[in-house]
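Subject: Structure handover

Hello,

Here is the structure we talked about. Please open it alongside this message, and then read on for what was found.

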Amino acid sequence: MKILLVEDDAETARYIVKGLAEAGHACDHAGDGDTGLEMAGTGIYDVAIVDRMLPGLGGLDLVSALRGRGDETPVLILSALGAVDDRVTGLRAGGDDYLAKPYAFSELLARVETLARRGGGNNAETRLEVGDLVLDRLSRKVTREGRAILLQPREFRLLECLMRHAGQVVTRTMLLEQVWDYNFDPQTNIIDVHVSRLRGKIDRDFDQPLLHTVRGAGYVLRESEAN
Amino acid sequence: MCSVNPKPTDPGRGQRRYGLFASAAFRLSLVYLAVFAAFAAALIAYMAWSTRVILADQSRETIAAEVRGLGEQYAAGGIQQLVAAVANRAEGPANALYLVTSFAGQSLAGNIAELPVETLRGDGFYQVPYRHVADTDDMTREAEVRVFRLAGGFVLVVGRDIGDRIAFERILTRAGLIAAALTLLLGIAGGVYIRRRILMRMDAMSDTARAIMGGDLSNRVAVAGRGDEFDRLGDSLNAMLARIEGLVRGMREVTDNVAHDLKTPLTRLKARAEDALRAIDSGKRLSAAARRAVLEETIAEADHLISVFDALLAIAKAEAGEGARQDRVDLAALAEVAAELYAPLAEDAGIALRVDAAPDCIVLANQVLLARAVSNLLENALTHGRRDADATVTVTVTRQGADALLTVADNGPGIPPQDRARVLQRFVRLEMSRTHPGSGLGLSLVNAVAHLHNGALELDDNAPGLRAGLRLPLAGERAGDDGSGGA
């Protein structure tokens, strides 16, 4: 995956580029907004990570300019301003996701990978499958090995979210945002409890576990523990 | 006016000295004095003028009457009878003046000894000096005379001595001048006195202000208790000072608490990193698991710090009035989502979590902040409430008049009444809750969010337990078209 990083702080940029490279992604770095917009214009990037506070052209202006050209490259906005309304303005400017500093690198990586995959269009599929686990969005039924699994409505949405991002790490914060529409972190690790209940329903009676915990990052739904 | 350019940045050093004219009170009394003096002067001048006119008219009328009488004598008996009548009348009161002269200017009868020559040649009213027959010196008296030219060169002069009138006018003028001088003097003295009285009280206020700037926030302006303007000003100033003192004290407490509550985890974090570094320096080989544990604990500590910072910022922003969005929030839905999020946690802890929410309780609020507040209340109830088989946490949403009330109640130990106000402050954690995780910011945030939305956080006894109520004004049923115009 090819990623563009627009970030003025050299230390932060170095750390992100290194982390993304370790995760197997090529990352180009631009130190200011104008260079960033120019580089984004080449259209070779799968995702752009844009810092909100940039010298010259600001992060939000960069995104607006990009969208103005009809460029739909997914953009993740980074900001030290974490408040709700900043998030709203960020998304309104055309950003696809918003991450407040300070963040864990695993959170950044998970969100970037999710954004890159979003272009695939599996959002519209009515039937999601991971191994022998099948989720039908229309009939709202879940089966594994053909056996029906009964889920609470919220558990259904949790599984749906994990299945849409099958093979990718989904963080607790992402689950809170997408399943509960909560844009803040409750103090207790409440998501872990929900996931462990879901795991009990979809994995307990089966040999092959599908729902895995990624230490320090979040959860991933995939067929085998390999890799 | 000594100090032309006083340093405003150095209020402690000496008082600025102002001259008399810099005093607003003195200038005001001067203006008042000027207006009053002008009015008084106009009054005195009018009185003097009209007195003079009345007196002059009187003397002319008397002269006219005399002239009519003498005219009749002249008409009846010619010049002889006129001379006889004049000689007779001249014996009368000294201020009535008469004179008849021949064509040669020789006096035939009368009590005027001497008149200016041109007067005798004229005809009509004159105000002239004259000499009375009883006088020995020159023409020192003043008279108003009427001169008639008669047939045969005879001249009749009838007049009135106006010495008294002139003396009276002089007295009147002097009295006017004295009155004006007195008015001026009293006015200035009054101005100075008022200025000094006002200045005394103003100076007292200035001294208080200076003392407060010097750091003594407990100082207050003296109030005389007379209920006058100064007392009202003093009361307002004192109320303002009390508010400022409260804010500053609150700020100080917050700063102290922030310093304490952030330094403790920072110290732990630093100690842990130093510990690991020392272990490496001493050549001890840490196992991979041990290294991982150190780093994970460090990250956990940093995460805790971030969440504390985040909560502090959220509280500060809410208190500053930021983020007051107007989403239409259904409290029942909000309560149900929150309860559902925490349901597994409650279930695992054996706590019965119930929701009893009335529908259609819509408030205009920032959805995210409100969700966060409710989640804080639920977390509090689940961690500080009862934790055995009988434990319950109940979430209710009810309408109360123009308000909606969302309560989260537990049946745990509750909060003693004397501590209920205190737990709303930042970082305040009661002794009995020290063993539970938490930052002491949860209720502060809920309180700030409630106030941001013109609501309140109410802490009550659930007998047993705590009932925390988030009271918010209900949104208008049909906001905008009910025409009442009320907010």
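Two residues are in contact if their C-beta atoms, placed from the backbone, lie within 7 Å. With that cut-off, residues 24 or more positions apart account for 57% of the contacts in chain A with a separation of 6 or more. Please keep in mind that this is a predicted model.

Chain A in outline

Chain A has 227 residues, and 38% of them count as buried. Its secondary structure comes to 8 helices and 12 strands.

Start with helix H2 of chain A, residues 33-40. Its buried residues are A:Gly33, A:Gly36, A:Leu37 and A:Ala40. They cover an arc of only 95° around the axis, which puts them on the same side of H2(A). What covers them includes three strands of chain A, E1 (2-6), E2 (26-30) and E3 (47-51). Helix H3 (59-68) of chain A is also part of that cover.

Next, helix H7 of chain A, residues 172-180. Here A:Thr173, A:Met174, A:Leu175, A:Val179 and A:Trp180 are buried. Their cover includes helix H5 (105-118), helix H6 (153-164), E10 and H8 of chain A. It also includes H6 of chain B. Just after H7(A), A:Asp181 takes a positive phi of about 60°.

A sheet in chain A

Three strands form an open sheet in the order E10-E12-E11 (chain A), with antiparallel pairing. Strand E10 (170-171) and strand E11 (211-214) stand at the edges. Each has a single partner strand, so one side of each is left without a neighbour in the sheet. E11(A) is joined to strand E12 (residues 218-221) of chain A by 4 bridges. In one of these pairings, A:Val214 has A:Gly218 of E12(A) as its bridge partner.

Where the chains meet

How many residues does each chain bring to the contact? Chain A brings 18 residues and chain B brings 19 residues. On the chain A side, helix H4 (84-92) and helix H8 (190-202) each supply at least two residues. H8(A) gives the most to that side, with 4 residues. The chain A residues that touch chain B divide into 9 nonpolar, 5 polar and 4 charged.

The nonpolar cores

The largest nonpolar core has 113 residues. Which of them touch the most other members? They are A:Ile49, B:Leu331, B:Ala335, B:Tyr342, B:Val374 and B:Val449. Helix H6 (residues 331-348) of chain B gives the most to this core, with 11 residues. B:Tyr342 is worth a look. Not counting residues up to four places away in sequence, B:Tyr342 touches A:Ile190, B:Leu353, B:Leu378 and B:Leu382. Another core lies apart from the largest one and has 21 residues. Among them are B:Leu70, B:Leu82, B:Ala85 and B:Ile112.

A hairpin and a helix in chain B

Strand E1 (residues 96-101) and strand E2 (residues 107-110) of chain B pair in the antiparallel sense over 3 bridges. B:Leu99 has B:Gly110 of E2(B) as its bridge partner. The hairpin of E1(B) and E2(B) has 5 residues between the strands. In this hairpin, B:Gly105 takes a positive phi near 90°.

B:Ile306 lies in helix H5 (residues 288-319) of chain B. B:Ile306 is partly exposed, with 17 other C-beta atoms within 10 Å. B:Leu262 is 44 residues away from B:Ile306 along the chain, and their C-alpha atoms are separated by 10.0 Å.

Backbone details in loops

- A:Glu145 has a positive phi of about 50° although it is not a glycine. A:Glu145 sits in the loop between strand E8 (141-144) and strand E9 (147-149) of chain A. With 13 C-beta neighbours inside 10 Å, A:Glu145 counts as partly exposed.
- B:Asn454 is not a glycine either, and has a positive phi of about 60°. Its place is the loop between helix H8 (442-452) and E12 of chain B. B:Asn454 has 15 C-beta neighbours inside 10 Å and counts as partly exposed.
- B:Ala463 and B:Pro464 are joined by a cis peptide bond, with omega about -5°. B:Pro464 is found in the loop between strand E12 (456-461) and strand E13 (466-473) of chain B.

Best wishes

Note on methods
Residues are numbered from 1 along each chain as its sequence is written. Chains are lettered from A and ligands numbered from 1 in the order in which they are written. This is a predicted model: local features need pLDDT of at least 70, side-chain atom pairs count only at pLDDT 80 or more; totals for chains, interfaces and linings use all residues. A residue is buried if 20 or more other C-beta atoms lie within 10 Å of its own, exposed if 12 or fewer, and partly exposed in between; C-beta atoms are placed from the backbone. The arc is that of the directions from the helix axis to the C-beta atoms. Ala, Val, Leu, Ile, Met, Phe, Trp, Tyr, Cys and Pro count as nonpolar, Asp, Glu, Lys and Arg as charged, and the others, Gly among them, as polar. A nonpolar core is a set of buried Ala, Val, Leu, Ile, Met, Phe, Trp, Tyr and Cys residues joined through C-beta atoms within 7 Å. Two strands pair if DSSP finds at least two bridges between them.
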